[in-house]
Structures are given as C-alpha cells and as structure tokens.
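Morning, everyone. Please have a look at the chain on the screen.

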Amino acid sequence: MRVLVVGAGALGGFYGALLARAGNDVTILARGTALDAIRTAGLTVDSAKYGSFTQPVAVVSNPAEMGEIDLIFFAVKAYDLDATARQIAPLVTDGITLLAVQNGIEHPQQLAAHVGEKAVLPGVIYVSTTVTAPGVVTHVGGPGLLQLGDVFRANPERLERIAALFRDAGLPVETYPDLWPMLWRKKPIACSPAAVL
C-alpha cells in the first residue's frame, strides 16, 4: 500500500518504519533536521519487541511532491492539526483514507471540516515511543496496539483493509464498528502523567 506519514515524530517514525519494513511504499512528510536525517539515513527504530533496525523510506517536505497514495497516517500534535490538515487537504481525493491517531475526542470533527467525513478513520494507540535523535525512535513500552473504528459513516471493508495493513506489519490491531467509546476511554488515560500511550 502507498502510505504517506504526516508527522515525522515518535509515532509517525515508529509506525512508518514498521509499515515500510513490511513492504509498503512509505513516504514521510518532514521538515528541518528530521527531513535531512531521514533523507540521508532512513528511519531507525530501537525496540525490545520489534527489534532494532534502520529502514530506508522516501521523504518529502511539500505535500505537492506526492504522487498517488492510498493512506495518510496523520500523527501530528493537536496544536498543528488544523494548519497541517489544510496543507494536505488537496491530497485527500476519493478513495484515500486519513487515519488520525491524536489523543482526545475533538480531532475527528476537526479533520472532517478540512477533508470530509468520508475520508476520516480515527485510531487509538497504546504505545510509548520517543525521538532520541532526528529520524531515530526508541520504543519505550506498550504493545503498539492500534484500535480502529468508524465514527461517521460505517465502511467495514475499508476498516478491515487498513487493519490488515498493520497486522501484516506485526502490530496488534482491534477493530470496532463505533470507535467513540474507545476515544472516550483513552482520553482520561492520556491525561495521566504515568500513562503508556
């Protein structure tokens, strides 16, 4: 699958590297030192569960440089959500899924305002990762569990197709016909300073 990872931080780097290692065509949207490091050396992951490896990936600084894509893994911080969503909105044409993994309950509607409800597929992630250097991610804890489900109109075929993508990369995935309960459940956990996200 052709995947664009938006947000070259801890989550984007971790999941992007695992998806690329599984044979997917992954491109990272990055800037600054992360752009230079990934372009030069790829993504490096250090994980007791998934191994330590360096994975070459494509990297761009401008969404307009992208060709065809199937999935956008949207992993930017909440404070960058609106500006980044406006930047990538022209890429979200019919058939493209935007998988959003922000904490909280506001982001599905925020993203839908920019790209339409049909494209948005929220996810809840339970993992703790950190960027130890540009392009280098350490997996600190948590299984990497990804919970997926629709919050607008149901699309079971798409849900299973995206879930299979991550399962094929060796990641645990749960699917739900309605993700709202999981989003609400993660909200108080995410506010805990001791939480494994």
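Rings of Phe, Tyr and Trp count as a pair if their centres lie within 6.5 Å. This is a predicted model. Searching the whole structure gives five aromatic pairs. Take Phe73 and Phe166. Their rings are tilted, with 45° between the planes and 6.1 Å centre to centre. This pair links distant parts of the chain. Phe73 is in strand β6, residues 71-74, and Phe166 is in helix α5, residues 156-168. They are 93 residues apart.

Buried or exposed? Phe73 has 0% relative accessibility, so it counts as buried. Phe166 is also at 0%, so Phe166 counts as buried.

Next, charges over rings. Arg21 lies over the face of Phe53, 4.0 Å from the ring centre. Lys186 has its charged end over the ring of Tyr126, 4.9 Å from the centre.

How much space lies in the largest pocket? About 890 Å³. It is lined by 28 residues, and Gly7, Gly9, Ala75, Val76 and Lys77 are the closest to its centre. α1, α3 and β8 each supply at least two lining residues. β8 gives the most, with four. By type, the lining of the largest pocket has 15 nonpolar, nine polar and four charged residues.

The second largest pocket holds about 200 Å³. Of its 15 lining residues, Asp94, Gly95, Ile96, Lys118 and Ala119 are the closest to the centre. This lining divides into five nonpolar, five polar and five charged.

How values were computed. Residues numbered from 1 in each chain as written. Predicted model: local features only at pLDDT ≥ 70, side-chain atom pairs only at ≥ 80, totals over all residues. Heavy atoms only, no water. 1 Å grid on protein atoms, 1.4 Å probe; cavity = no way out; pocket = protein on both sides within 12 Å on 5 of 7 lines; lining within 4 Å. Points joined across faces, edges and corners; volume = space filled by probe spheres on them. Nonpolar A, V, L, I, M, F, W, Y, C, P; charged D, E, K, R; others polar. Phe/Tyr/Trp six-rings, centres within 6.5 Å; stacked < 30°, edge-to-face > 60°. Buried < 20%, exposed > 50% of the residue type's maximum accessible area, 1.4 Å probe, protein only. Lys NZ or Arg CZ within 6 Å of the ring centre and 35° of its normal.
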